[in-house]
Amino acid sequence: MFLLISLLILSCKKQLEVKPDAKLVTPQKLSDLQALLDYDPYMVQDMGMDESSADNYYLTDDDYDGMNETDQRIYSWQKDNLFSGPNCDWGRGYRRVYYANTVLDFLPQITQTAANTTSWNDVKGQALFVRGTSFFKLVNGWSPAYDVTDEGTGLGIPLRLTADFNEKSVRSTVHQCYDRILADLKGAAGLLPVQNILKTRPSKASAWAYLSRVFIAMHQYENALKYADSAILISGALMDFNSLNVADNFPIPRFNVETIFYNFSGAALIDPYYVKIDSVLYNSYDNNDLRKQVYFTSLPNNRIGFKGSYSNYEGEFSGIATDEVYLNRAECYARAGNMTGALNDLNTLLAKRYKTGTFVPLTASTTSAVLSLVLQERRKELVMRFTRWMDIKRLNKEGASITIRRLVHGQQYNLFPNDLRYSLPIPEDVIALSGMQQNPR
Amino acid sequence: MNKLFLSSFLFFCCNLLFAQDAIIQGKVLAYGNGEPLGNIVIKLKNSKRVMVTNPSGAFSFRLSGLDTMEIDNMNYQRFRITVSSSTQVPLIIRLIPMEKMMDEVVVNTGYQSVPKERATGSFVAINKDLFNQQSGTTVLDRLENISNGLYVDRKTNGNSKIVIRGLSTIQGPRAPLIVLDDFPYEGDLQNIKPEDVESISILKDAAAASIWGTRAGNGVIVITTKKGKYNQPIRVELSSNVLITDAPDLSTQQTIRPADFASVEQFLYAKGFYNSQLNSTPWLAVSPVVELLRQRDKGIITSAQADAAINILASHDLKDDFNKYVYQRGINFQQAITVKGGTKNMNWNLSGGWDKNSGVLDNQYNRINLRSSQSFRLTDRLELTTGIDYTQSTTQSGRLGFGQLRPFNGLLPAYTSLADANGNAVPVMYQYRKTYTDTVGGGVLPDWNWYPLTDYANTRSTGKLQAMMANTGLSYKMSKTFSLNLKYQYGRQQNTDAVLYSPDSYFARNFVNSYTVINRANGKLTYNVPQGGILDQGNGTLETQNVRGMLNYSKSSAKNDITAIAGAEYRQVKNNYSSYRFYGYDPDLLTYGTVDYKTAFPNLLTRSSSQIPANMSVSQTLNRYISFFANGVYTFKKKYTVSASARRDASNLFGVSANNRWSPLWSTGASWDIGKETFFRVPVSNSLKLRVSYGVSGNADPSKSAVTTLLVTGNSAYTQTQEARITQFKNAELGWEKVKMLNLGIDFGLWNNRLRGTVEYYYKKGLDLFGTQPIDYTGLAFDRVTKNVAAISGHGWDISLNSQNIKGVLSWNTMLNLNFNKDRVVKNYLVNQQGSNYTLGGAISAVEGHPVFALYDYKWAGLDPATGDPMGVYQGASSKNYTAITGSGTLIADMQYIGPSLPTAVISLGNTFIWKNFSLNVNITGKFGAWFQRSSVNYGNLFNNRDGHTDYSLRWQQPGDELHTTIPSMIYPFNLRRDNFYTYSSVLATRGDFIRLQYITLGYDLKRKQGNKSPFESIQFYMNANNLGLLWRANQFNIDPEYSNTIPPSMNLAIGVRAAF
């Protein structure tokens, strides 16, 4: 009896150390960390607040009525209560950051050996890439546009760099945010492989392409040009729209040659099922421009729908693709006064967009004309591509005076240039729990 | 009250008839061990003489003529025999000890058996006779209407239907612990055959249950099976019954009338409701009425033809088809046999059972059950027990019932026909429109129609279960007072569940067709999903091991009685499960095809691409518990009793620091038998006992682990590499929930026990309950963490009365159980305060100050007299701002608290009449205090899902209607939030009180009389009718409150026989 009890006590500890569920793993191996980075619902499905707030689309009143209250508030640019709970876009963004940080926290415990060094670097590069791009999307949503002249006052987002949830969230400045984004993306570019097994995992070109986007947002065109160049060097192929079947429900295939990094957003407001396109934008396409048929579809009541997502049927594409990098480079050339370079890039791209034999290369004689051509084509090429919100913010900083409007049940809502509402409100519950400063709206 | 009715002694006849007077001499012995019984009073009824046996049990008297000898001793069953001069002498009389006297009920805690007399805690003992008044295949079903303090909850979505003494937890498991033959039972409860049950004890308070530690917080149900006894002649028990269940009454289902629905569809069609579907996704299914209207608009048929066809459609009721083709009478057959016996040193019990159930939907359940148990007295001090139990069962799915048989989305239109005039299955709308599926392949594709009437036969779910349990035990008497027990039990249950979609099933055909690619040029088909059937199969094993060592101490003297136990146990529960799917499966050849899971293929009709799902999973869980326990009871002068118990658990489920904390769960209790005091001289009252107990039990949740970090969820749909999610971070503090309970009780007997009863009051507190703490989700992938932070309290009364109203040739006994319970949330953080999160009633609301399950509704401000719009309250005024009311404009504090969703009073009343060989039991149950939300018309569901309600015809249609209806007008387009508001408004809150005639059992008992040559010792015929309907309900809407969202179970009738010989 007593022997039994003492035996039990001795074996107690050991017996109870076993995992209650075999599927529970503590991160110990590189493959565990890679599995976190491959978790589709977090890593492939993206936030949607920026495209949802932009003017690429509109909703009919009926569709608006069917939306959640928070989505309705996002759509009509209300001042508060746009986001709440961990599944809102703020939560989506930061849980990516949390996963990336978890990976980065555990990585030093795994010894780097000759055998594992490639995948070790790959995992670290992916984590840095995830964190950098997430910070970029978050700062683009919740902070004012990058202001070259103002280093200290722009309210950035909290830069969480470890997975310790006990740390308090504190807001940084916009400049600190961009510095961190650049550091993460450059770090990632150094570690990532030239090609990864699928486009849902980042590669060197992904990091470079994003760096060109980030530098554009920072108005640093020389750097943007450098990274766009590098990206095109290894991933410069373009789709010929003549080879697409315009009759398909979604003519552009997933993981097409232009896709450099794949992400999509399933946000309700921008669901292809609801999205309607403004007729002015639709009418701006030449009838020989295949994008008019590939991107858009006619709906009853003279409405135009959108079917041109690079993610095919899967929500809206929010990754990055070669066409954007060409446009980035064209813009950098134009701003640097290299008109030939800019027009070359534009014409390379557009030649693949027009019906075979109908394309007449664009020409222009002044830098400003070239730039406006580039920006015009950027507007037409990157529809529902998660660049518009950033473009409005950065271009209005330069005096582009873009005002966007919504019409809901006859009531008009306007968002004037540099409105405070270009910085979305941080979820109220997060503000209450963390004590962070809310964006003035 | 197990009665052994016959003494078995030998009876010899002889033909000595020469004398009138005779000397009758003989001996009185105890049955079984044959011990002589001295000092036994013998009465001779005719000559009115009395005598006493001497110490060796002998007696002798002179007899003239006939006389009747009678022995009426309280410790033995009454014995009576007619004696005459021809009676063979010596006459050996064997008296059968009373097995269990009325007041000497024994309760079993799973660790020891305790006479209820000496218990300080709250026990309910249920014996075979009461248990057997009902019929059925499972054990727990029968407990509901006869157990004090236990009820079955059919209204909330809580994790257990059985609740003992109300709730003790918010999020944690609320199921009571089931103990079968001394060890927790984890297997399928259907494996236990009711005929094997000897007795059931329900442990309700801490003094009774806390010996079970972290598993005891919700109460414990201890099931003890039949065993053999030493010194028992071979006894065979047979039982057989057939139970017939009526098809359900579909008229209870308040679904929209077919003609009403057809007119709604015509209205919607005219409004253009179906246009966007017909234009942009024309391949999606539409209802027959819409199809007709479409054909009319396209000029395929004339307007008159369409109207005529619609009129024919609308005159048909889908319910008729269900009555005619789907439901049938259910029949259950149940047979059982038990053989048991015992010699001086060995006893054994063998039993077997066979069940064959065929349900109202042609669903099948078959069970074979074999048990054997033996005990051996190896020496005077050492006893060995062994047992083995095997159950095999199979289940097979049947048809889909009303409301379950549904197309891809929504419900079938109320006028749908499942069969043509000849009763042949006809195709019915499912996912795709017939005009498309018939033409898309140009006639080369297999049939793409859905035939609901016959599809069930092609889509069979089957389950096979094999369960085995083996146990062995050694009991060693070390001395007069000490003994040692060792027990080991091994259990293994294996399940194989399969769903076979045969090649003809809609599921398989649809799957194959959807992924088929047609080469437009040559018409060739490429099947990306191979043609044939689809098989989903899952295999699960559950393995349990228990070891227990226990030291017993027991000492009895005139003044002091002490019993105590102490011991340790180790327990392991291992669960394995895996499931997989085969495409192109051929059930005859057992061959299957190969599939590309990586590529996304376009759907033949919709053109959208998706990957073929692999449907594979593997899981394993392993839980270990190590426990130490002790329990002691001390009684002084048979009047004053104190008891105490303590237990400590550790488990791999708990966090490190919870395991390391030495905080045992304990209880203590005391009782005072006033009835035995000399000063107790109260007229009419013959016994009185006071009890008090207090203690702490626990409630562990195997689904909450403290060590979790990652969970591998499968493969990424993109990279096909493993993907993992962070499920929990290290939560070292996480432990079990605690339940503290105080119990006060009075047991009494009046008028010489003609009225006996127990009144108990309890107060309990659930502490350290799993609750949520909010956290800034900027730093984590979660916005909350689970900690032991919440609390609830509950209190109530358990009253049980047993009366013997009439004694004599006709006897009438009444059993009344009255249970009152209220629970209140003391502390709980509400993650989201928006009122719309609390409208469900059946979900946990757990608002502080209210019950855990409570009904909240939007405040109702009547119908708008001008439009028939429902009006609510927003910012203190009546309002039609449905977006605000059903959105952030209504917080939980703005909602109307209607009342608890669980009953606060439960009664059961059983009356037993016995006349000669006949017995009649009538059981009535009632539940009071609960509220539910009744359903009504929801226009969104009506338009989109074809889900209508009879209230449709009572809706507001013109000004003035608001005076006699509260049902909103129909508007187009419908407004989802307007519908939501009405569906969850207080106008639909309904009282759930009811009284039900639960069952009636009629029995006819025959017992072998002295000298009768019948082969049967006893035989009983019985008839048991169950679910006899409501006697009273508080609502006037003809709704059975317990089944407001489902079809009430229909009446069933069992006819059976039990025999022993």
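**Helix packing, chain contacts and local backbone features**

In this predicted model, helix H3 of chain B passes helix H5 of chain B in a right-handed crossing. H3(B) covers residues 258-271 and H5(B) covers residues 288-297, and their axes come within 9 Å of each other. The crossing angle is roughly 40 degrees, which makes H3(B) oblique to H5(B). From H3(B), the contact draws on B:Ala262, B:Glu265, B:Gln266 and B:Tyr269. H5(B) answers with B:Val289, B:Val290 and B:Leu293. Sorted by class, the residues of this contact come out as 5 nonpolar, 1 polar and 1 charged.

The buried ones are B:Tyr506, B:Ala508, B:Arg509, B:Asn510, B:Val512, B:Asn513 and B:Ser514. What do they pack against? On the helical side there is H9(B), at 452-458. The strands are E23 (482-501), E24 (516-518), E25 (525-527) and E26 (533-556), again in chain B.

Stepping back to the whole of chain B, the count is 14 helices and 52 strands. Its radius of gyration is 34 Å, close to the 31 Å that the globule rule gives for 1061 residues, so chain B is as compact as a globular protein of that length. Laid out along its principal axes, the C-alpha trace spans about 115 × 65 × 65 Å. Buried residues make up 39% of the 1061 in this chain. As for contacts in chain B with a separation of 6 or more, 69% of them involve residues 24 or more positions apart.

Chain A has 18 helices and 11 strands. For its 441 residues, a compact globule would have a radius of gyration near 22 Å, and the 24 Å found for chain A agrees with that. Its C-alpha atoms fill a box of roughly 95 × 50 × 50 Å along the principal axes. Here 46% of the 441 residues count as buried. Among contacts in chain A with a separation of 6 or more, residues 24 or more positions apart account for 69%.

The two chains meet where 56 residues of chain A are in contact with 55 residues of chain B. On the chain A side, at least two residues each come from helix H1 (2-15), strand E1 (24-25), helix H2 (30-37), helix H7 (89-106) and helix H18 (428-434). H7(A) gives the most, with 6 residues. By class, the side of chain A that touches chain B has 28 nonpolar, 14 polar and 14 charged residues.

Most residues other than glycine have a negative phi, and most peptide bonds are trans. In chain B, the peptide bond from B:Val89 to B:Pro90 is cis, with omega near -5 degrees. B:Pro90 sits in the loop between strand E6 (79-83) and strand E7 (91-95) of chain B. A cis peptide bond also joins B:Tyr972 and B:Pro973, with omega about -5 degrees. That places B:Pro973 in the loop between helix H13 (939-945) and helix H14 (976-983) of chain B.

Chain A supplies residues with positive phi. A:Asn81, a residue other than glycine, has a phi near 55 degrees. Its place is the loop between helix H6 (69-75) and H7 of chain A. Is A:Asn81 buried, exposed or partly exposed? It has 15 C-beta neighbours inside 10 Å, so A:Asn81 counts as partly exposed. A:His409, likewise not a glycine, has a phi near 50 degrees. This residue lies in the loop between strand E10 (404-408) and strand E11 (411-415) of chain A. With 7 C-beta neighbours inside 10 Å, A:His409 counts as exposed.

Methods. Residues numbered from 1 in each chain as written. Chains lettered and ligands numbered in written order. Predicted model: local features only at pLDDT ≥ 70, side-chain atom pairs only at ≥ 80, totals over all residues. Helix = DSSP H or I, 4+ residues; strand = E, 2+ residues; numbered from the N terminus. Rg over C-alpha atoms; globule rule 2.2 N^0.38 Å. Buried ≥ 20, exposed ≤ 12 C-beta atoms within 10 Å, placed from the backbone. Contact = placed C-beta atoms within 7 Å. Axes fitted to C-alpha atoms, helices over the stretch in contact; angles between N-to-C directions. Parallel < 35°, antiparallel > 145°, perpendicular 65-115°, else oblique. Left-handed = near helix turned anticlockwise from the far one by under 90°. Nonpolar A, V, L, I, M, F, W, Y, C, P; charged D, E, K, R; others polar.
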